[in-house]
Amino acid sequence: LPIKIIYFRNMKTLLLFIFPLSLLAQVLSPFGNNQHDSLEGSFVEDAEVYNGNLYLGGDFDLINGVSTGGFCKYDGTNTSSISFISASAFEKYNNVLAVAYRNGAGSSVGYWNDTVFQPSAFSNLPISYLKDLKSHNGDLYVTGNFSVNNQYYLLAKYNGTTWTYYGEVSLWRSGGLSLAIHNNMLHIGGFFDTIDGSHFGS
(Lines give C-alpha, C1' and ligand atoms only; values in the text may rest on other atoms or scores of the structure.)
Protein backbone atom coordinates (compact mmCIF):
# COMPACT_ATOMS: atom_id res chain seq x y z
CA LEU A 1 0.00 0.00 0.00
CA PRO A 2 1.38 3.43 -0.87
CA ILE A 3 1.56 6.18 1.75
CA LYS A 4 0.17 9.51 0.64
CA ILE A 5 0.53 12.79 2.53
CA ILE A 6 -2.10 15.31 1.48
CA TYR A 7 -2.34 18.98 2.46
CA PHE A 8 -5.76 20.47 3.11
CA ARG A 9 -6.17 24.19 3.72
CA ASN A 10 -7.34 25.51 7.11
CA MET A 11 -7.07 22.22 8.94
CA LYS A 12 -4.65 19.97 10.75
CA THR A 13 -1.60 20.67 8.67
CA LEU A 14 -1.18 17.24 7.12
CA LEU A 15 -3.37 14.21 6.80
CA LEU A 16 -1.90 10.78 6.28
CA PHE A 17 -3.88 8.35 4.17
CA ILE A 18 -2.98 4.76 3.46
CA PHE A 19 -5.09 3.61 0.54
CA PRO A 20 -4.68 1.68 -2.69
CA LEU A 21 -3.42 4.15 -5.28
CA SER A 22 -6.49 3.72 -7.48
CA LEU A 23 -8.81 4.67 -4.61
CA LEU A 24 -6.68 7.71 -3.80
CA ALA A 25 -6.95 8.91 -7.37
CA GLN A 26 -10.73 8.57 -7.30
CA VAL A 27 -11.09 10.33 -3.96
CA LEU A 28 -8.81 13.23 -4.77
CA SER A 29 -9.99 13.91 -8.31
CA PRO A 30 -13.19 15.71 -7.21
CA PHE A 31 -11.07 18.20 -5.26
CA GLY A 32 -8.57 18.85 -8.01
CA ASN A 33 -10.54 21.67 -9.54
CA ASN A 34 -12.70 24.36 -7.96
CA GLN A 35 -15.33 23.86 -10.65
CA HIS A 36 -16.61 20.93 -8.59
CA ASP A 37 -17.76 23.22 -5.81
CA SER A 38 -20.03 26.24 -6.04
CA LEU A 39 -18.49 28.03 -3.04
CA GLU A 40 -15.45 30.23 -3.60
CA GLY A 41 -12.66 29.34 -1.20
CA SER A 42 -14.12 25.95 -0.29
CA PHE A 43 -11.91 23.47 1.56
CA VAL A 44 -11.80 20.07 3.27
CA GLU A 45 -11.02 20.17 7.01
CA ASP A 46 -10.87 16.47 7.91
CA ALA A 47 -11.28 12.97 6.53
CA GLU A 48 -11.85 9.62 8.23
CA VAL A 49 -12.39 6.01 7.17
CA TYR A 50 -15.33 4.41 8.99
CA ASN A 51 -16.86 1.01 8.20
CA GLY A 52 -15.01 0.87 4.89
CA ASN A 53 -16.15 4.28 3.60
CA LEU A 54 -14.31 7.59 3.41
CA TYR A 55 -15.98 10.56 5.11
CA LEU A 56 -15.09 14.16 4.29
CA GLY A 57 -15.92 17.29 6.26
CA GLY A 58 -15.38 20.96 5.59
CA ASP A 59 -16.75 24.01 3.89
CA PHE A 60 -18.14 22.81 0.56
CA ASP A 61 -21.54 22.07 -0.92
CA LEU A 62 -20.98 20.31 -4.25
CA ILE A 63 -18.69 17.48 -5.39
CA ASN A 64 -18.71 16.23 -8.98
CA GLY A 65 -22.16 17.67 -9.47
CA VAL A 66 -23.55 16.00 -6.34
CA SER A 67 -25.05 18.34 -3.74
CA THR A 68 -23.33 17.18 -0.56
CA GLY A 69 -23.13 19.81 2.15
CA GLY A 70 -20.04 19.84 4.35
CA PHE A 71 -20.38 16.23 5.55
CA CYS A 72 -20.35 13.51 2.91
CA LYS A 73 -19.46 9.86 2.27
CA TYR A 74 -17.42 8.30 -0.53
CA ASP A 75 -17.87 4.52 -0.93
CA GLY A 76 -15.22 4.00 -3.60
CA THR A 77 -17.61 4.71 -6.44
CA ASN A 78 -20.22 7.27 -5.43
CA THR A 79 -20.33 10.37 -3.26
CA SER A 80 -23.42 10.98 -1.12
CA SER A 81 -24.48 13.63 1.35
CA ILE A 82 -24.87 12.87 5.06
CA SER A 83 -25.82 16.33 6.30
CA PHE A 84 -25.69 19.96 5.19
CA ILE A 85 -23.43 20.99 8.05
CA SER A 86 -19.80 22.05 8.00
CA ALA A 87 -17.97 19.18 9.72
CA SER A 88 -14.55 20.11 11.14
CA ALA A 89 -13.30 16.85 12.70
CA PHE A 90 -14.06 13.11 12.90
CA GLU A 91 -13.09 10.36 15.33
CA LYS A 92 -14.21 6.75 15.79
CA TYR A 93 -15.63 6.44 19.31
CA ASN A 94 -17.64 3.57 20.86
CA ASN A 95 -18.52 2.07 17.46
CA VAL A 96 -19.83 5.35 16.03
CA LEU A 97 -18.20 8.20 14.14
CA ALA A 98 -18.05 11.30 16.35
CA VAL A 99 -18.45 14.48 14.30
CA ALA A 100 -17.48 18.01 15.35
CA TYR A 101 -19.29 20.63 13.28
CA ARG A 102 -20.07 24.32 13.18
CA ASN A 103 -23.45 25.28 14.58
CA GLY A 104 -24.49 28.93 14.44
CA ALA A 105 -22.13 31.03 16.57
CA GLY A 106 -20.19 28.00 17.81
CA SER A 107 -19.78 24.27 17.32
CA SER A 108 -21.31 20.98 18.47
CA VAL A 109 -20.41 17.29 18.55
CA GLY A 110 -22.77 14.66 17.18
CA TYR A 111 -22.33 11.19 15.75
CA TRP A 112 -23.00 9.09 12.66
CA ASN A 113 -23.74 5.37 13.14
CA ASP A 114 -23.76 4.42 9.44
CA THR A 115 -27.52 4.95 9.34
CA VAL A 116 -28.56 8.13 11.19
CA PHE A 117 -26.78 11.38 12.04
CA GLN A 118 -27.48 12.50 15.63
CA PRO A 119 -26.44 16.17 15.72
CA SER A 120 -26.42 16.70 19.51
CA ALA A 121 -25.72 13.20 20.78
CA PHE A 122 -22.94 14.31 23.15
CA SER A 123 -25.03 16.99 24.89
CA ASN A 124 -24.54 20.69 24.32
CA LEU A 125 -21.17 22.38 24.49
CA PRO A 126 -20.81 26.07 25.41
CA ILE A 127 -19.88 28.62 22.77
CA SER A 128 -16.93 26.92 21.17
CA TYR A 129 -14.82 26.40 18.08
CA LEU A 130 -13.84 22.77 17.59
CA LYS A 131 -10.76 21.73 15.65
CA ASP A 132 -9.94 18.10 16.45
CA LEU A 133 -11.31 14.98 18.18
CA LYS A 134 -9.46 12.05 19.73
CA SER A 135 -10.65 8.95 21.58
CA HIS A 136 -8.36 7.96 24.46
CA ASN A 137 -8.82 5.48 27.33
CA GLY A 138 -12.57 5.29 26.77
CA ASP A 139 -13.16 9.05 26.73
CA LEU A 140 -13.69 11.46 23.85
CA TYR A 141 -11.48 14.56 23.78
CA VAL A 142 -12.06 17.65 21.70
CA THR A 143 -9.75 20.62 21.29
CA GLY A 144 -10.47 24.14 20.14
CA ASN A 145 -11.67 27.07 22.23
CA PHE A 146 -14.42 26.84 24.87
CA SER A 147 -16.04 29.70 26.75
CA VAL A 148 -17.22 28.52 30.20
CA ASN A 149 -18.28 30.99 32.93
CA ASN A 150 -16.22 33.78 31.35
CA GLN A 151 -13.12 31.56 31.19
CA TYR A 152 -11.55 30.07 28.07
CA TYR A 153 -10.30 26.49 27.76
CA LEU A 154 -8.56 24.56 24.98
CA LEU A 155 -9.60 20.98 25.88
CA ALA A 156 -12.84 19.22 26.78
CA LYS A 157 -13.34 15.57 27.80
CA TYR A 158 -16.58 13.62 27.41
CA ASN A 159 -16.87 10.60 29.72
CA GLY A 160 -20.10 9.24 28.29
CA THR A 161 -22.33 11.62 30.27
CA THR A 162 -20.80 15.06 30.79
CA TRP A 163 -18.05 17.38 29.56
CA THR A 164 -15.11 18.46 31.71
CA TYR A 165 -12.86 21.35 30.65
CA TYR A 166 -9.08 21.62 30.94
CA GLY A 167 -6.30 24.00 30.00
CA GLU A 168 -7.43 27.52 30.82
CA VAL A 169 -6.00 30.01 28.33
CA SER A 170 -5.69 33.75 28.69
CA LEU A 171 -7.08 34.92 25.36
CA TRP A 172 -10.31 34.08 23.61
CA ARG A 173 -8.36 33.76 20.36
CA SER A 174 -6.16 31.05 21.91
CA GLY A 175 -7.03 27.41 21.43
CA GLY A 176 -6.03 23.94 20.37
CA LEU A 177 -5.75 22.90 16.74
CA SER A 178 -4.66 19.26 16.81
CA LEU A 179 -4.57 16.24 19.14
CA ALA A 180 -2.25 13.22 19.08
CA ILE A 181 -1.61 10.20 21.30
CA HIS A 182 2.03 9.32 22.03
CA ASN A 183 3.28 6.94 24.74
CA ASN A 184 -0.29 6.79 26.07
CA MET A 185 -0.31 10.56 26.59
CA LEU A 186 -2.55 13.11 24.92
CA HIS A 187 -0.66 15.94 23.20
CA ILE A 188 -2.16 19.25 22.06
CA GLY A 189 -0.86 21.58 19.39
CA GLY A 190 -2.36 24.99 18.82
CA PHE A 191 -2.14 28.73 19.30
CA PHE A 192 -1.74 29.80 22.92
CA ASP A 193 0.64 31.65 25.24
CA THR A 194 -0.33 30.41 28.71
CA ILE A 195 -2.15 27.33 30.02
CA ASP A 196 -3.44 27.27 33.59
CA GLY A 197 -1.26 30.31 34.33
CA SER A 198 2.00 28.79 33.05
CA HIS A 199 3.73 30.12 29.94
CA PHE A 200 3.90 27.76 26.95
CA GLY A 201 4.88 28.26 23.34
CA SER A 202 2.45 27.03 20.74
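**Close-up views of a four-stranded sheet**

**View 1. Strands E7 and E8 run antiparallel and are joined by 4 bridges**. In this predicted model, local features need pLDDT of at least 70 and side-chain atom pairs count only at pLDDT 80 or more, while totals for chains, interfaces and linings use all residues. Residues are numbered from 1 along each chain as its sequence is written, and side-chain values use heavy atoms, with hydrogens and water left out. Strands here are DSSP runs (E, at least two residues), numbered from the N terminus, and two of them pair if DSSP finds at least two bridges between them. Look for Cys72, which stands opposite Ser81 in E8. The two strands make a hairpin with 4 residues between them, and Gly76 in the turn has a positive phi of about 105°.

**View 2. The side chains of strand E7 (residues 71-74) point two ways**. Phe71 and Lys73 go one way, Cys72 and Tyr74 the other. All of them are buried (under 20% relative accessible area, 1.4 Å probe, protein chains only).

**View 3. E4 meets E7 through 4 bridges**. This pair is antiparallel too, and here you will find Tyr55 opposite Lys73 in E7.

**View 4. Strand E4 (residues 53-59) is joined to E3 by 7 bridges**. These strands also run antiparallel, with Ala47 opposite Leu56 in E4.

**View 5. Stepping back, the open sheet has the order E3-E4-E7-E8**. Its 4 strands pair in antiparallel fashion. Strands E3 (43-50) and E8 (79-83) stand at the edges with a single partner strand each, so one side of each has no neighbour in the sheet. From one strand to the next, the twist averages 25° (axes are lines fitted to C-alpha atoms, and angles run from 0 to 180 degrees between N-to-C directions).

Technical notes: Buried means under 20% relative accessible area, exposed over 50%, partly exposed in between (1.4 Å probe, protein chains only).
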